[in-house]
Amino acid sequence: MATVVETVSLPYVQAPETSADLDWADLVTLDLSKFDQPGGKEELATVLARALEEIGFFYVSNHGLTREDVDTQFALAQSVLALRDEDKAPYRAALEAGDYNGWKPAGTRDLIPGVKDNFEIFNIPKFIPEHANRPQPSAVRQHWSTIERFSRHIHDQIVKKLLVIFAVALKLEDEEWFVKRHRYEKSSGDHLRYMKYYSRTEEENQKLGGIWLKGHSDMGSLTLLFRQPVAALQVQTKDGSWRWVKPQTDALTVNIADALQFLTNGYLKSSIHRVVAPPKDQAHINRLGVLYMVRIEDDTDLVPINESPVLIERGLVDNKILGSDGKAIKAGEWVKQRVIKNLGATSDKDGDNAVTELEIVKGVKVKYFD
């Protein structure tokens, strides 16, 4: 299917950071260079516990990817999303069927009447036989080996370590409990994402109250965000206020998503975050992003882990969130229905910004925040 070439490095110049004095979130950093040191996993789990108590967002440093590796992916994101819409159209994701792989055009949903969303996405799934025959644009095929190496490194050298740290934090006897449910070769919605938010006019921003994407949780296990110098991401704190997430040059920004919240009955919180209009000195910049979305295996029951002493001590094992039929929700169905209802046809006649709560599957709902 894909044209295989040697891996390459491509140049990319990031936008300058804002000079605005913003209220930045105080996030902890997990230094993965400690992972294999004696007591390192336990130390990292202790640091993680602080993130869980505060916000559910954290940074990850010493992840094994160079600045050149990341720049190359930004260059590829730029080239893929710069293709004409008619050239991307054959790769449009089947959002209405719950498939998020491929291209999501900007402007597929109404935020308010007369103003549509301003973000475009191209998702590249895992490099496994299940997706081997999926067509890709030449801008992707030409750099298939480079993209695969980057994607696999994220899973093998970053995600697996984070999943072990979560298991240690939950005092699970099997530190690979999460790893065994996030196997690369199994069916799940993991993907590398190229994403662009297009700049808006001042008039549009005023109509939207500056909110480009309402406060929401992510649908998988984890979201990894690579260097993003255009300030627009905000996270909701425990007191309900919003703080800006500061760009990090060489660290990843990571947030916990729905699956881990289900599996721990809220001990691991699916972080609420939103996207807002950037500061004035960045308002004219199209916000290009590279992300990796981690999904637990599709056939996983999203019920609390009854082997965790931490969850048992907190009384978080028994009160399972079940569907209206009394059965556990499957991870794959949760993701599929969130894609359909969050990215398919607009769900409310007044637009997405009017929605505060939405049923996803079998009576289980998600909330949205201004």
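## Cores, salt bridges and strands in a predicted model

Let's start with Phe-178: leaving aside residues up to four places away in sequence, its contacts are Leu-163, Phe-166, Ala-167, Leu-170, Leu-172, Leu-260, Leu-263 and Ile-305 (contact means heavy atoms within 4.5 Å). Keep in mind that this is a predicted model, where local features need pLDDT of at least 70, side-chain atom pairs count only at pLDDT 80 or more, and totals for chains, interfaces and linings use all residues. Residues are numbered from 1 along each chain as its sequence is written, and side-chain values use heavy atoms, with hydrogens and water left out.

Phe-178 belongs to the largest nonpolar core, which has 83 residues. Along with Phe-178, the residues with the most contacts inside this core are Phe-58, Leu-162, Phe-166 and Tyr-194. The biggest share comes from helix α5 (residues 144–169), which gives 14 residues. A second, separate core has 31 residues, among them Leu-208, Ala-251, Ala-277 and Leu-291. A nonpolar core here is a set of buried Ala, Val, Leu, Ile, Met, Phe, Trp, Tyr and Cys residues joined through side-chain atoms within 4.5 Å. Buried means under 20% relative accessible area, exposed over 50%, and partly exposed in between (1.4 Å probe, protein chains only). Helices (H or I, at least four residues) and strands (E, at least two) are DSSP runs, numbered from the N terminus.

On to the charged pairs. The whole structure has 28 salt bridges, each being a side-chain nitrogen of Lys or Arg within 4 Å of a carboxyl oxygen of Asp or Glu. Here are three of them.

| Salt bridge | Closest N to O |
|---|---|
| Lys-41 with Glu-175 | 2.9 Å |
| Lys-214 with Asp-370 | 3.3 Å |

Lys-41 sits in helix α1 (residues 40–54) and Glu-175 in the loop between α5 and β7 (191–197), so this pair ties together parts 134 residues apart in sequence. Glu-175 is partly exposed, at 31% relative accessibility. The Lys-214 pair also links distant parts of the chain: Lys-214 is in strand β8 (residues 211–216) and Asp-370 in the segment after β16 (364–367), 156 residues apart. Is each partner buried or exposed? Lys-214 counts as buried because its relative accessibility is 6%, whereas Asp-370, at 55%, counts as exposed. Salt bridges with shared partners also join Arg-84, Glu-86 and Asp-87 into one network, and Glu-86 is exposed at 51% relative accessibility.

Next, helix α9 (residues 331–343). Its 13 residues reach 18 Å from first C-alpha to last, close to the 18 Å expected (1.5 Å times one less than the number of residues). Buried residues in α9 include Trp-334, Val-335, Val-339 and Leu-343. Among the elements covering the buried residues of α9 are β3 (102–104), β6 (119–125), α7 (258–264) and β15 (357–361).

Strand β9 (residues 222–225) is covered on both faces, with Leu-222 and Leu-224 buried on one side and Thr-223 and Leu-225 buried on the other. Four bridges join β9 to the antiparallel strand β12 (residues 252–256), where Leu-222 stands opposite Ile-256. β9 also pairs antiparallel with β14 (residues 287–294) over four bridges, and there Leu-224 stands opposite Tyr-292. Pairing requires at least two DSSP bridges between the strands.
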